[in-house]
Amino acid sequence: MTVLDWGSVCDWTAAVFLLLGAALCFVAGVGLLRLPDTLTRMHAATKPQVLGLLLVLVGVALRLRSWVDVGTLVLIGAFQLMTVPVAAHMVGRAAYRTGQVRGDQLVLDELDDHLTRSGPD
Amino acid sequence: MRTLRGIEWPLVGWLVVVWVLLWGSLTAANVVTGLVVAVVLCLVFPLPPLNLGLRIHPVGLVRFAALFLVDLTVSGLRTAWQTLTPAPLPCAVLAVRLRCSGDLMLAATAIAVSAVPGSAVLEVQRSTATLFVHVMGSDIEEARDGVRRLETLVVRAFGTRAEIASLDAGGTS
């Protein structure tokens with residue numbers, strides 16, 4: 001009897017990663033419903049979801065265990081990490097400039113001064 | 001339309017790598033077709049030439065990757081927790097002035113900052129190398145230090161020697 005069967009060890013680890021990733025994506029969905037304004041919702045929509053997706057990718061890689069698929073998964077992860085910040089920036093910028101930010105939630109706002117004083121460059 | 005001489009070969013190389021990964025097998029045919037597609041793409045959709053000033057420091061790169069992953073995990077879990085607990089969240093918009101003003105360092109730091117959960121870059125002022133960051137529910141000074149720490153890691157991974165020196169000198173602010 002083999003004590004360590006690498007195939008099933010990988011499968012179980014993969015299952016744990018997949019469940020963790022799915023849970024984080026679920027939390028991102030909950031955040032969209034629960035959080036008060038666009039900016040905080042954007043945090044929820046973009047951030048735990050990135051980590052969740054990366055965990056799901058690791059899980060899938062551990063389950064598939066072939067280099068071809070790992071290459072594709074790495075690409076997915078890399079593009080996710082590169083595009084999410086840009087998307088988040090555009091949404092955040094538009095939200096701030098159109099006044100979608102709840103001022104009562106901000107304990108400090110150093111951008112407001114900056115925009116009213118000089119205008120952006 | 002640009003001539004062959006103006007092609008950015010590193011970009012072509014990266015496109016070929018993506019092409020081969022998408023096809024899933026490293027064969028001569030895949031590399032050749034990838035090369036053709038990449039060169040045609042670069043000729044038809046030329047990007048403005050960039051003087052990146054990019055250096056890769058292996059040790060810095062590994063440190064950056066490792067600490068970035070730790071950051072990503074810790075703040076991902078924290079943001080998830082903040083989402084689930086019912087308390088109202090204090091938020092803040094911070095102006096963080098960076099010590100290196102190069103375009104590449106500014107962009108790389110901005111990407112790193114926004115990839116980390118709990119902070120998002122709302123506005124970038126290029127002339128003073130200032131990032132305006134929205135942070136959620138954490139200590140403000142800690143968040144400010146976090147941005148500067150990420151900048152240090154990014155510059156030590158990708159920066160030129162002069163930029164690293166300006167970090168050590170403490171920068172402008």
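Colleague: What should I know before reading the labels?

Modeller: This is a predicted model, where local features need pLDDT of at least 70 and side-chain atom pairs count only at pLDDT 80 or more, while totals for chains, interfaces and linings use all residues. Residues are numbered from 1 along each chain as its sequence is written, chains are lettered from A and ligands numbered from 1 in the order in which they are written, and side-chain values use heavy atoms, leaving out hydrogens and water.

Colleague: What makes up the secondary structure of chain A?

Modeller: Chain A has four helices and one strand, in the order α-α-α-β-α along the sequence. Helices (H or I, at least four residues) and strands (E, at least two) are DSSP runs, numbered from the N terminus.

Colleague: Why is A:Gln80 called buried?

Modeller: Buried means under 20% relative accessible area, exposed means over 50%, and partly exposed is in between (1.4 Å probe, protein chains only). A:Gln80 has 16% relative accessibility, so it counts as buried. It sits in helix H3 of chain A. Leaving out residues up to four places away in sequence, A:Gln80 touches A:Gln49, A:Val50, A:Leu53 and A:Pro85, a contact being heavy atoms within 4.5 Å. Over the 121 residues of chain A, 35% count as buried.

Colleague: How do you know that A:Asp11 and A:Arg63 form a salt bridge?

Modeller: The term asks for a side-chain nitrogen of Lys or Arg within 4 Å of a carboxyl oxygen of Asp or Glu. The N to O distance for A:Asp11 and A:Arg63 is 3.7 Å, and their side chains meet in a salt bridge. This pair links distant parts of the chain, with A:Asp11 in helix H1 and A:Arg63 in helix H2 of chain A, 52 residues apart. A:Asp11 has a relative accessible area of 28%, so it is partly exposed; A:Arg63, at 47%, therefore counts as partly exposed too.

Colleague: Which residues are joined with A:Asp11 into one network?

Modeller: Those are A:Arg63 and A:Arg65, joined with A:Asp11 by salt bridges that share partners. The side chains of A:Arg65 and A:Asp11 meet at 3.3 Å, N to O. A:Arg65 is in the loop between H2 and H3 of chain A, and its phi is near 50°, a positive value in a residue other than glycine. At 43% relative accessibility, A:Arg65 counts as partly exposed.

Colleague: Is the pair B:Glu151 and B:Arg99 buried or exposed?

Modeller: B:Glu151 is buried, and so is B:Arg99. Their side chains meet in a salt bridge at 3.1 Å, N to O. B:Glu151 lies in helix H5 of chain B and B:Arg99 in the loop between strand E1 (91–97) and H4, so the pair ties together parts that are 52 residues apart in sequence. The search of the whole structure finds five salt bridges over all chains.

Colleague: How do you know that the length of helix H3 of chain B agrees with what it should span?

Modeller: The expected span is 1.5 Å times one less than the number of residues. For the 27 residues of H3 (residues 58–84), that should be 39 Å, and the end C-alpha atoms are 39 Å apart, so it agrees. Its buried residues include B:Phe64, B:Phe68 and B:Leu72.

Colleague: What makes a nonpolar core, and which residues have the most contacts inside the largest one?

Modeller: A core is a set of buried Ala, Val, Leu, Ile, Met, Phe, Trp, Tyr and Cys residues joined through side-chain atoms within 4.5 Å. The largest has 41 residues, and B:Phe64, B:Phe68 and B:Leu131 have the most contacts inside it. H5(B) gives the largest share, nine residues. Apart from it lies another core of eleven residues, among them A:Ala88, A:Val101, B:Val93 and B:Ala120.

Colleague: Why is B:Ala129 called buried?

Modeller: B:Ala129 has a relative accessible area of 1%, so it is buried. It is found in the loop between strand E2 (119–125) and E3 of chain B. B:Ala129 also has a positive phi of about 55° although it is not a glycine.
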